[in-house]
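Subject: Structure handover

Hello,

Here is the structure I promised to pass on. Please open it first, then read my notes below.

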Amino acid sequence: MKIEINTQSILDLTVSAFFVLTSMTIMRLVIPEGNTTIFLLRGSKLVGIVFLALSVIFLISWFFNRNFKFKKKISTPNLKDLILVALPMSPIINYALINNEYLVASGFLFLIGIPLIFILFFSYIFPIIFSFIASLKILMISGLALSFTVISVAKIYNNPESHILNSLLVTQGVYLILSFLAVYSLYILDKRIAYIAVIFFTITGIIINFLNQSKDNLSKIQKPKRFVEFLDNPKNKIIKKKNIYLLVYESYADLETLNHYGFDNNEHLEFLENNDFKVYHGIYSNASNSLASTSRILEIDGNLSLLDRYYASGNAFALNIFKANGYKTIGLFTSPYFFGSSKISWDEYYPKESATKMGGMNITKSIFEGNFEFDIFEDDYDYKDYLKLKKKYLTSNKKQTLFYTHNRYPGHSGNSGKCAPDEKQKYFRGMKKANIEMKNDVLNVINNDPNSIIVLLSDHGPYLTKNCRNLKKYDVNTINKYDIQDRYGAFLSIYWPKDILETENELFITQDIFPVILSNITNNKNLFNKLKIERKFFDEINWSIAGINVFNGIIKGGMDDGKPLFDKRSYKLPN
Ligand SMILES: [Zn+2]
């Protein structure tokens, strides 16, 4: 096949560049602000330059080819070309598969329908206008490649390991150009090959995704043995049937970490100590995000075999122990974020609304925003309702209850990979709110149920140092103990009622909470040592802190290698 560079081809490219530029501008207006709009803004600047360059080349070519005639005829797409929609739809199908735990039929329709309308508009309808002077084929394929890239932004963004030249924009550019070149060259070679290639691409994607999913399913081996063995030992029976309150405060930092940020929290800790709370210092979590951290507390395990949400939905070793002893478990959350498709096994829980109902809309929104992050479920719930319910449970004084809740304050950084200019101030304001909330919580329980065990804790740190996010890209030798405290450090304070004298156990991590409680309310003093899990980080250390770990309170790797993670500690470091 002979490829001739002629004026029409140059005009086709020029008009396509203009078409992409216009489409990017329109998309920027309709897509909610986020990674995708950032990509569209930066990308349109580059496409604008390409368009200007092509325009100049076209004018020169036209000058030498005075006989050139403009097409002046609108073309309409071939029905068969709709097959090509499979390319930009393939990431959507995969999002639907990955997130099926949040989808019911209506959510699924929403997730498929909205992107489909988007793609049809930008790849088939909008190009018709431009086809007046240029080839519809090239316009249509430009539209498909652009839609494919826009819909892939969330996936690209969340896989920084795969970024080409370590750059998000370059990777997005490569997606755009490669997908265009691949489809266009196959299409002009033979349409049918292009159709087959696109379908092949989509189906392989689905199969790979499916295999990955079933691999996860295969590893879902239950551990009933541990539970059965636990119950078999009569010494493990709970004899002091106290109410247990576990109150998680989102990203609430330890005193030493707060001092490092410049926030003085001493007055608040005095309040706790005056109310007979023991404040533990130098505590960390073995995981650095909400679900990974709290699921390990509930399951009393480091290596989890199931998705974190399975445990957060109330299906966890520690909770099962309490249930087997006649306890009622209550889980109170600010949104359905913590629940997935697993059976919710809390005896009582809030919110009742299933995450699956809101899933379709939220997932679609996240796809177009170009970001799958923590808080996609947070928007629709009124925090005042949460606080009211929390107060109700803290003052209800029912017997044999394990109450667990996860609040929203002080909260972590925006997670954008760049600190906001007022990131610390925002956190300090969050700390003040959290302290007021914690004071109320403490007084509510103490005044109504002083014979209970009350645990105040946080899930992980607030992410305020360096880039305010994961440190994967940092030289490990620039990462110090504060960066680690900032991500894995946690707050812990426990109110032990008068008839429990807990002094002997060395609490290092928040995952020690249930082991220490159980060794104090059963006849088995050895349970702490038996149940406690390794004092190290289990999740995402490469992603969060460039592979550094902390073993028994001592940092391994990075700038502070060999030093303790915390200077102020309630525990003794092992020799
Ligand atoms: Zn969290």
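Strand β3 (residues 328-333) pairs with β4 in the parallel sense, over three bridges. Within that pairing, isoleucine 330 sits opposite glutamate 348 of β4. Bear in mind that this is a predicted model.

Both strands belong to an open sheet of seven strands. Its order runs β2-β7-β6-β1-β5-β3-β4, and the pairing is mixed. Which strands stand at the edges? They are β2 (277-280) and β4 (348-350). Each has a single partner strand, so one side of each is left without a neighbour in the sheet. From one strand to the next, the twist averages 10°.

Next, helix α16. It covers residues 423-448, 26 residues in total. From first C-alpha to last it reaches 37 Å, close to the 38 Å expected at 1.5 Å a residue. Its buried residues include Tyr427, Gly430, Met431, Ala434 and Asn435. Met438, Asp441, Val442 and Val445 are buried too. What covers the buried residues of α16? The cover includes two strands of the sheet, β1 (244-249) and β6 (453-458). It also includes the helices α10 (266-274) and α15 (383-396).

Last, a helix pair. The axes of α5 (residues 136-157) and α6 (residues 168-189) come within 8 Å. They cross at roughly 145°, and the crossing is right-handed. By class, the contact of α5 with α6 has 16 nonpolar, six polar and one charged residues.

Over to you.

Best wishes

Terms used: Residues numbered from 1 in each chain as written. Predicted model: local features only at pLDDT ≥ 70, side-chain atom pairs only at ≥ 80, totals over all residues. Helix = DSSP H or I, 4+ residues; strand = E, 2+ residues; numbered from the N terminus. Expected span 1.5 Å × (residues − 1). Buried ≥ 20, exposed ≤ 12 C-beta atoms within 10 Å, placed from the backbone. Contact = placed C-beta atoms within 7 Å. Axes fitted to C-alpha atoms, helices over the stretch in contact; angles between N-to-C directions. Left-handed = near helix turned anticlockwise from the far one by under 90°. Nonpolar A, V, L, I, M, F, W, Y, C, P; charged D, E, K, R; others polar. Pairing = 2+ DSSP bridges.
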